[in-house]
Amino acid sequence: MNKKLKLVLIILLLLLAVYAGGFLIWTQKTFVPTAQLNQLVDVKKEVLHQDDLYIFKPKNMKPTDGVIFYPGAKVEPAAYSYWAKKVADAGYLVVIPKMPLNLALLGKNRADEAMKADPAIKKWYIAGHSIGGPAASAYALKHPNKIKGIIFLGSYTTEGSNLSKARFPLLSIYGERDGLTTKAKINGNKSFNPANTTYYEIKGGNHAQFGMYGPQAGDKKARISNKKQQDEVIKEMISWLNKKKQQ
């Protein structure tokens, strides 16, 4: 190998190392729970955290149905604790796995671990926010016998995770002022959703307020409070789950 080629290879390896290091640093700059969320939920006392799973259990009852939730990119699982606790209070086990490098697309099969949190659960639903939606869809497509339905929060199905032939239902909750998962993207990808998809728009809601972690680049400013948006999510999610429970 001549000196010039060796130098080129060394430069390429150095550039690769720099980019890889930059990517790792980027994935660790996560969105963390806001002070408001910490006032509404005592994460240390009210949320069971084991084996990189955040587990929300109903009080004084044994659940038969559960929801596995895939977070948006770089969003800490605890940032969804407010609505997750309320859904658990309504009788559903909610499990939010922490993702590899905080990216759900790298942990599509983490639902397998989440299901071990309570093997007695008879019906599992899988949900996702933002990029967590396509990751949840990919799992559901691969394991249709394990999943009874999907819930999107500010997310949409892509051609790569086409659900149009799926037999399970889908609930799509989206924000009117979502600057990342826009209504145009949702409408443009409806053909990839199951025929029995339910759509619900939160007026004045945006992308980041599906969690409680503060503003996000590229998003629009919400015209309703974070708590109000979360309360709408809670109401619609519980209503949909209750209907499916009776079917």
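This note comments, point by point, on the predicted model shown above.

1. Overall content. The chain contains eight helices and eight strands. Of its 247 residues, 51% are buried. The chain exposes about 12,400 Å², and carbon and sulfur atoms supply 56% of that area. Among contacts between residues at least 6 apart in sequence, 73% join residues at least 24 apart.

2. The sheet. Eight strands form an open sheet with mixed pairing, in the order β1-β2-β4-β3-β5-β6-β7-β8. Strands β1 and β8 (197–202) stand at the edges and have a single partner strand each, so one side of each is left without a neighbour in the sheet. On average, neighbouring strands of this sheet are turned by 20° against each other, direction ignored. As background for the student, strands of a sheet pair through backbone hydrogen bonds, either parallel or antiparallel.

3. Pairing around β3 and β4. Strand β3 runs parallel to β5, and six bridges join the two. Strand β3 also pairs in the parallel sense with β4 (residues 93–97), over three bridges. Residue G66 illustrates both pairings: it stands opposite W124 in β5, while its bridge partner in β4 is L93. The antiparallel sense is found between β2 and β4, which are joined by four bridges. In that pairing, I55 stands opposite V95 in β4.

4. Burial of β3. Which residues of strand β3 point one way, and which the other way? Residues D65, V67 and F69 point one way from the strand, G66, I68 and Y70 point the other way, and all are buried. Strand β3 (residues 65–70) is accordingly described as mostly covered, with six of its six residues buried.

5. Helix α4 lies across β2, β3, β4 and β6 (149–153), and it runs at about 150° to β4. Helix α6 also packs on the sheet, where it touches β3, β5 and β6. The direction of α6 makes about 150° with that of β5.

6. Two loop residues with positive phi. Residue D52 lies in the loop between β1 (48–50) and β2 (53–56). Its phi is near 60°, a positive value in a residue other than glycine. Residue S130 is found in the loop between β5 (123–129) and α6 (132–142). Although S130 is not a glycine, it has a positive phi of about 55°. Are these residues buried or partly exposed? Residue D52 counts as partly exposed because its relative accessibility is 40%, and S130 counts as partly exposed because its value is 22%. Both values fall in the range between the cut-offs of 20% for buried and 50% for exposed.

7. A buried glutamate. Residue E236 is placed in helix α8 (residues 226–246). Why does E236 count as buried? The reason is its relative accessibility of 16%, since buried means under 20%. Leaving aside residues up to four places away in sequence, E236 touches L171, I173 and Y200.

Conventions: Residues numbered from 1 in each chain as written. Predicted model: local features only at pLDDT ≥ 70, side-chain atom pairs only at ≥ 80, totals over all residues. Heavy atoms only, no water. Buried < 20%, exposed > 50% of the residue type's maximum accessible area, 1.4 Å probe, protein only. Contact = heavy atoms within 4.5 Å. Pairing = 2+ DSSP bridges. Axes fitted to C-alpha atoms, helices over the stretch in contact; angles between N-to-C directions. Areas by Shrake-Rupley, 256 points an atom, 1.4 Å probe, with all protein chains shown as cover.
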